[in-house]
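Hi there,

Here is the structure I promised to send over. Have a look at it first, and then read my notes below.

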Amino acid sequence: EELGELARVVNNLYGGRRKKLGDPEGEIGAESSDLIFAVICMLNYHKIDLESVWRKTIAERCKRDENRYK
C-alpha cells in the first residue's frame, strides 16, 4: 500500500499519469518515510536484522558496480 502511494506521487510528478481533481497532494519525502517505516516494521516482525542485510546489500552493489561509473 505504501509503495503504491509513493509510486502514485512519482507518476504524478514524472510519469504519464496526471493527478485527478480531488486527489490529495503527495510528497516524495513523506511517502518514502511511510514506506521505510512499513518495511522496518515488517523486518522487525520477522526478526530480520536490517543493519546486517543492508551492509550485505551495499557490499554486493559496490562490488558489482565498482567499475561502472569511471
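**What I found**

The protein chain averages a pLDDT of 90, with 100% of the residues scoring at least 70; pLDDT is the predictor's confidence in each residue, from 0 to 100. This is a predicted model, in which local features need pLDDT of at least 70 and side-chain atom pairs count only at pLDDT 80 or more, while totals for chains, interfaces and linings use all residues. Residues are numbered from 1 along each chain as its sequence is written, and side-chain values use heavy atoms, leaving out hydrogens and water.

The protein chain has 3 helices and 0 strands (DSSP runs numbered from the N terminus: H or I of at least four residues for helices, E of at least two for strands). Among its elements, helix 2 has the highest mean pLDDT (96) and helix 1 the lowest (91).

Now for the packing. Helix 1 (residues 2–14) and helix 2 (residues 28–45) pack at about 160°, with axes 8 Å apart (axes are lines fitted to C-alpha atoms, for helices over the stretch in contact, and angles run from 0 to 180 degrees between N-to-C directions). The two helices are therefore roughly antiparallel (angles over 145 degrees; under 35 is roughly parallel, 65 to 115 roughly perpendicular and the rest oblique).

Residues of helix 1 that meet helix 2 include Leu 3, Leu 6 and Val 10; on helix 2, Ile 28, Leu 35 and Ala 38 are among the partners (contact means heavy atoms within 4.5 Å).

The C-alpha atoms fill a box of roughly 45 × 40 × 15 Å, taken along the principal axes.

Best wishes
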